[in-house]
Amino acid sequence: MAKRKTERPDPSSLGLPRVGVDSHAHLDGAGEDRAMATPEAMGAVLDRAAAAGVAQVGHVFLGPAAHAAGRELFAGRGEVFFLLGIHPCDAAKAAPGDVAAMETAFRADAGLRAVGEIGLDYYWDAGTAEVQKALFRDQLALARQLDLPVAVHSRDAAADTLAILDDLGFAGRPLVWHCFGGDAALAAEISRRGFHLSVPGPVTYAKNTALAEAVAGCDPSRLLLETDAPYLAPEPWRGKRNEPALLAFTAVRVAGLLGLEPAELWQTTGDNARAFFRL
């Protein structure tokens with residue numbers, strides 16, 4: 001029997017107004033995926049996003065060297081704002097002056113709107129946990145010093161992540177739990193501290209019932225949406241390279257879980273992101 005071909009509709013067909021925000025994307029093609037790292041390819045990606053209703057995109061620079069090398073890729077694209085942080089998986093190779101270099105970058109570039117993604121990752125690199133914790137604390141201190149929002153990466157490390165945030169008195173400060181993939185209990189712990197959750201494409205996957213239940217119980221005023229492009233494309237584009245235009249499918253799924261119209265959820269999460277990042 002021939003395998004049924006997956007229908008992959010154009011996200012612009014969903015008809016969402018241009019008010020959405022992709023709060024977290026690696027537009028230059030993080031890791032080995034460099035297909036978007038030219039001005040021409042970048043422009044096409046952002047034009048498709050605009051057609052699908054995405055008004056603004058948060059691009060993540062993973063370290064000060066990435067920011068210095070890649071800032072000009074986005075020249076003339078005012079819809080892109082920036083996050084800058086040292087990823088926990090890069091903690092062991094971070095240079096002693098990297099956090100100071102981040103401070104310099106933040107003071108010089110008004111497009112940098114948040115410290116992130118920073119945090120702890122025990123899935124890929126549990127052996128560097130203590131180094132990760134120290135770097136996480138240093139970057140949180142920088143965010144406090146500069147009065148900037150924070151985007152947290154936490155994988156298989158929720159307890160330690162929350163413990164550090166509690167120890168440093170971050171409850172009530174602007175912080176988003178990037179690429180939230182936990183259950184309702186973790187969502188409640190994050191929300192109780194006044195933090196935001198950013199919902200990625202896997203919420204559309206049929207087997208992610210715990211994530212769907214967690215999102216269904218969230219206050220929409222605490223939610224952002226993200227692609228984490230080029231990773232984690234939502235259904236019906238799962239398995240393909242993700243990009244901001246595909247955020248529309250995530251929005252439709254989240255709206256359904258919350259009993260809202262997609263356009264309402266799109267507007268709410270877009271407004272949440274604009275307020276969070278002070279756009």
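User: Where does H67 lie?
Analyst: H67 lies in helix 2, residues 64–70. Helices here are DSSP runs of H or I with at least four residues, strands are runs of E with at least two, and both are numbered from the N terminus. This is a predicted model, where local features need pLDDT of at least 70, side-chain atom pairs count only at pLDDT 80 or more, and totals for chains, interfaces and linings use all residues. Residues are numbered from 1 along each chain as its sequence is written, and side-chain values use heavy atoms, with hydrogens and water left out.

User: H67, buried or exposed?
Analyst: H67 counts as buried, because its relative accessibility is 10%. Buried means under 20% relative accessible area, exposed over 50%, and partly exposed in between, with a 1.4 Å probe and protein chains only.

User: What is H67 in contact with?
Analyst: Setting aside neighbours within four places in sequence, H67 is in contact with F61, L84, A105, D109 and L112. Contact means heavy atoms within 4.5 Å. With D109, the side chain of H67 also makes a polar contact of 2.8 Å. A polar contact is a pair of N or O atoms within 3.5 Å; within protein, one must be able to donate a hydrogen and the other to accept it, and residues adjacent in sequence count only if both atoms are side-chain atoms.

User: Other topic. Which residues does UniProt list for "binding site"?
Analyst: H153 and H178, according to an unreviewed UniProt entry. UniProt positions are given in the numbering used here, feature names are shortened, and annotations may be inferred rather than shown by experiment.

User: Why do they gather at one spot?
Analyst: They span 26 residues in sequence, but no two of their C-alpha atoms are more than 5.7 Å apart, so they gather at one spot.

User: Where is H153 placed, and what does the side chain pair with?
Analyst: H153 is in strand 5, residues 150–155. A polar contact of 3.4 Å joins the side chains of H153 and H87. H153 is buried, at 12% relative accessible area.

User: And where is H178?
Analyst: H178 sits in the loop between strand 6 (175–177) and helix 7 (184–192). H178 is buried, with a relative accessible area of 5%. Leaving out neighbours within four places in sequence, the contacts of H178 include H24, E117, H153 and D228.

User: Last one. How many residues of strand 1 are buried?
Analyst: Six of the six residues in strand 1 (residues 20–25) are buried.
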